[in-house]
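Here are a few exercises to work through with the model open beside you. Try each one before reading its solution.

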Amino acid sequence: MKILIVGYFTETSKATIARYFPEDWDIVIVPPGEEMLQHIEDCQVLIPEHVKVDHSLLSKAAKLKLVQTGAGYDNVDIAACTKLGIWAANAAGVNAQAVAEHVMALILSYHKNIPFLDAFMKNKIDQHQLNYTGSELAGKTIGIIGFGAIGKKVAEFCRVFDMEVLAYARTAVQADGFVQMTDFDTLISTSDIVSVHIPLNQQTKQLINKAVFQKMKPTSLFINTARGGIVNESDLIAALKTGDIAGACLDVFEVEPLPVDSELRNLRNVILTPHTAGMPDGLKLHKKRYDFFVNNSKRVGNGKEPVSKLNQV
């Protein structure tokens, strides 16, 4: 079976990823471009990153059986896959633990001022000159936008820290007793921390904008580990600079990699990570994710439906 993985990977990452697949499979890992187009013609499985999978690309894939993504699939035209008889599937829930842990790491780093204190120690400044602020999480309210596998795991973690948990979901979901389901406006206006866990689509594109930031507490922390396009980044930068919100922790951005001249890199009230929340095992690596990819590829190769299919059939 030929697996085509499209994205930007180091040589070390390529070698490590290839080892997760059966030895007799043909694993090709290339960036978007001409080389990708050469391999799309005869691959059975496409795993796309940083490339738009539309009807034009799919029409070149004569042998393609499955388009397999991670949790997000906003770069894949599901309708086009269905029309051409190609399965599309995501790895829903596979990275829930990893992303939720990353969210907690960001929350703790921000409220315990870890980046500042780390820099203070490494710069060997006289300890008597230390001046910083921090806070405990107990009693704080976190508002979780989107209550799927990741949102629910974040809620469980926050409960352990004695936090109040609010959640908003566009559709009715089952929540544990310690979670208070509420409407969007109530969540953003009353939460001390707002964390985003929804997919990027036409309904959620730039959902978080100037109007939303102005409704948030001026002391609030905004966290996004979902998709950069859910947030109007210019409005976020303005809110951080004017004090509409106190800070932000971001793992995803409108443009990735984050441009070197982005203002976000210079803001002291922002903590940044390079879209690694769902990759706990190293650069571009998450063992659970690739185990899922292999198993789904085997299913489709054996004529079965993939797990977590996205096609509306």
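A nonpolar core is a set of buried (under 20% relative accessible area, 1.4 Å probe, protein chains only) Ala, Val, Leu, Ile, Met, Phe, Trp, Tyr and Cys residues joined through side-chain atoms within 4.5 Å. The model is predicted, so to speak of local features takes pLDDT of at least 70, and side-chain atom pairs count only at pLDDT 80 or more, while totals for chains, interfaces and linings use all residues. Residues are numbered from 1 along each chain as its sequence is written, and side-chain values use heavy atoms, leaving out hydrogens and water.

**Exercise 1.** Find the residues with the most contacts inside the largest nonpolar core.

Solution. Start with the set itself: 28 residues, with Ile145, Ile208, Phe213, Phe222 and Leu236 having the most contacts inside it. Next, see who contributes: H8 (184–190), S9, H9 (210–215), H10 (233–242) and S11 each give two or more residues. H10 supplies the largest share, four residues. Now zoom in on Leu236: beyond its neighbours within four places in sequence, it is in contact (heavy atoms within 4.5 Å) with Phe213, Phe222, Val231, Ile245, Ala248 and Leu250.

**Exercise 2.** Work out the strand order of the open sheet.

Solution. Strands are DSSP E runs of at least two residues, and two of them pair if DSSP finds at least two bridges between them. Reading across gives S8-S7-S6-S9-S10-S11-S12, with parallel pairing. The edges are S8 (179–181) and S12 (270–272), each pairing on one side only. As a check, three bridges join S11 (residues 247–250) to S12, and Ala248 has Val270 as its bridge partner in S12.

Conventions
Buried < 20%, exposed > 50% of the residue type's maximum accessible area, 1.4 Å probe, protein only.
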